[in-house]
Amino acid sequence: MSFVTPRRAAIAVVGIALVTLPIWVGNPYYINVASQILLFAVFALALNVLVGYGGLVSLGHAGLFAMAGYGGALVLQAGHGHFLADLAAVAVTVVASAVFGVLALRSSGIGFLMITLALGQIVWGIAYRANTLTEGDNGLRYPARPQPFGIDINSAPSFYWFTLIVFAIALFFIWRVTRSPFGAALQGARDQPRRMRMLGHNVWLVRLITFVMAGFWGSVASVLYVYYNLFLSPHAISLQQSAEILLMAILGGASSLTGPIVGAAIITLVKNVISTYVERWNTLLGVIFVVVIVFMPYGLVPGCKQLWERLRGHKSRKEGRKAARDAAHSASEDARKRAHEPAQ
């Protein structure tokens, strides 16, 4: 068995392209767009664990996103350092995720969706109205980006590489979880919850842990977001934000690991690059989503994979039919030659 497979070669090529992107792109604007893609990909991956592998569609994760951002900003304003602020942001979000999960998991399906939506809107309303705490619609400003291990990440390339490292850690962790026994139990709870209960699994606890895990990585994405913008306002945590993150997961393929990354790339590029050329970019995004759902209902990545397998299967069948025809023709020629040979 060859160590170098097409899949490993493709992963290596993509990895090299991502690591060297600031070198061959050059333009700081597009490097910043790439940073946005990576941080939103972390958020979409976090939500995808809940939506794609857990079967729990949430519209309230922008609220958890907000708690991390505002929590970190308030700790910084109190005079503490970035490390303590980041730790507090993640801790507050994990605790809030547990509370949200306990409340939301009292129901499933549309009930779960509506509870998460209500919880997210409550957080948005507090952020919008609590002027003395969050500055309301004016938002909170971060003083500066941190310097992890003494490394300055203020320039576009350095912040991109910092975001890429965090993205790689998140991707590896989520990949390991989805392929672990816990990931199998989560998918079993999604497909056959009653059977999983009969087998002795605590379906509610599995879903709660997944909800907290999604909140944790959502808080990491929030920290990256506020360090990227050095600003956070209620607009960034509105229902639109929750819908866009959910759209990223569904558009790319919620049943796959790479789907949310592709979805994050498409939506971020449409918002930041294509919108400079197309005035009605929201309409374009809607058209893309409708076309994908109609022709690839499971998302772009699974749809393209199925299309590739069909093309390979069609090619294999075509080659098989050609080989059969050649064999039949060869046999016919041999029979004809034998028929014309003089008898011995």
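Student: Is Arg190 buried, partly exposed or exposed?

Tutor: This is a predicted model, in which local features need pLDDT of at least 70, side-chain atom pairs count only at pLDDT 80 or more, and totals for chains, interfaces and linings use all residues. Residues are numbered from 1 along each chain as its sequence is written, and side-chain values use heavy atoms, with hydrogens and water left out. Buried means under 20% relative accessible area, exposed over 50%, and partly exposed in between, with a 1.4 Å probe and protein chains only. Because its relative accessibility is 30%, Arg190 counts as partly exposed.

Student: With which residue does Arg190 form a salt bridge?

Tutor: Side chains of opposite charge can pair when their charged atoms come close. A salt bridge is a side-chain nitrogen of Lys or Arg within 4 Å of a carboxyl oxygen of Asp or Glu. The closest N and O atoms of the pair are 2.9 Å apart, and the partner of Arg190 is Asp191.

Student: How many residues apart are Glu244 and Lys271?

Tutor: Glu244 and Lys271 form a salt bridge, with their closest N and O atoms 3.0 Å apart. The pair links distant parts of the chain, with Glu244 in helix H12 (residues 239-252) and Lys271 in helix H13; the separation is 27 residues.

Student: Which class supplies 31 residues of the lining of the largest pocket?

Tutor: A pocket is an open set of points on a 1 Å grid over the protein atoms alone, where a 1.4 Å probe fits, with protein on both sides within 12 Å along at least five of seven lines; lining residues have an atom within 4 Å of a point. The largest pocket holds about 1,600 Å³ of space and is lined by 41 residues, with Ile11 and Thr258 among those nearest its centre. Ala, Val, Leu, Ile, Met, Phe, Trp, Tyr, Cys and Pro count as nonpolar, Asp, Glu, Lys and Arg as charged, and the others, Gly among them, as polar. The lining has 7 polar and 3 charged residues, and the class with 31 is nonpolar.

Student: Which helix gives the largest share of the lining of the second largest pocket?

Tutor: The second largest pocket contains about 650 Å³ of space. Helix H5 (82-104), H8 and helix H11 (203-229) each supply at least two residues of its lining. The largest share, 6 residues, comes from H11.

Terms used. Grid points are joined across faces, edges and corners, and a volume is the space filled by probe spheres set on the points. Helices (H or I, at least four residues) and strands (E, at least two) are DSSP runs, numbered from the N terminus.
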